[in-house]
Amino acid sequence: MHGYDAALPPWVLSLIESPDPTAAVPAALTAFLRGVERRGAVFAELQSGDSDAGDAALAAAMRAFRNAASAQPMAAWPRRFWTLLAATPHSQIVWHAPLPT
C-alpha cells in the first residue's frame, strides 16, 4: 500500500485491490446490443421482406448472442452477432409470389 492510499476510504481500497473483471461485461454487452439493434432490424427486415419476421429474427439473434457472448472475447462479438442474425431462419428471404420467368 502506498502512502496516498491511506487517505482513501476502505471501500475504495477494496475496489482497487480486487476488481471484478465480470462487472464490465454486462455493461459492454448492453452497449454492443444497443449499437447493433437498429442496423440489425433493418438488415433482418430487408432479408425477410417483412418487418414482423425481421423483428422476430432480430430478437432470436439477440437472445442467442446474449447467451453466448460472455464466453467470447469482445473482439469476436461483431462477427458472432451478424453470423447469428444471418443464420436465423426468420431472416431468410420469404417469397410471397413466384419469381418472374
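The axes of helix H3 (residues 51-69) and helix H4 (residues 77-87) come within 9 Å and cross at roughly 140°. That angle makes H3 oblique to H4. Bear in mind that this is a predicted model.

**How the two helices meet**
- The crossing of H3 past H4 is right-handed.
- From H3, the residues in contact are Ala57, Leu58, Ala61, Met62, Ala64, Phe65, Ala68 and Ala69.
- On the H4 side, their partners are Trp77, Arg80, Phe81, Leu84 and Leu85.
- Sorted by type, the residues of this H3–H4 contact come out as 12 nonpolar, no polar and 1 charged.

**The two sides of H4**
- Which residues of H4 are buried? They are Trp77, Phe81, Leu84 and Leu85.
- Those four cover an arc of only 95° around the axis, so they end up on the same side of H4.
- Here's the general idea: an α-helix has 3.6 residues a turn, so residues three or four places apart point the same way.
- Over on the other side of H4, you'll find Arg79 and Ala87 exposed.

**A closer look at Leu84**
- Leu84 belongs to helix H4, and its relative accessible area is 16%. Buried means under 20%, so Leu84 counts as buried.
- Leaving aside residues up to four places away in sequence, Leu84 touches Ala61, Ala64 and Phe65.
- Take Ala61: Leu84 is 23 residues from Ala61 in sequence, yet their C-alpha atoms are 5.5 Å apart in space.

Technical notes
Residues are numbered from 1 along each chain as its sequence is written. This is a predicted model: local features need pLDDT of at least 70, side-chain atom pairs count only at pLDDT 80 or more; totals for chains, interfaces and linings use all residues. Side-chain values use heavy atoms; hydrogens and water are left out. Axes are lines fitted to C-alpha atoms, for helices over the stretch in contact, and angles run from 0 to 180 degrees between N-to-C directions. Angles under 35 degrees count as roughly parallel, over 145 as roughly antiparallel, 65 to 115 as roughly perpendicular and the rest as oblique. A crossing is left-handed if the near helix is turned anticlockwise from the far one by less than a right angle, and right-handed if clockwise. Contact means heavy atoms within 4.5 Å. Ala, Val, Leu, Ile, Met, Phe, Trp, Tyr, Cys and Pro count as nonpolar, Asp, Glu, Lys and Arg as charged, and the others, Gly among them, as polar. Buried means under 20% relative accessible area, exposed over 50%, partly exposed in between (1.4 Å probe, protein chains only). The arc is that of the directions from the helix axis to the C-beta atoms.
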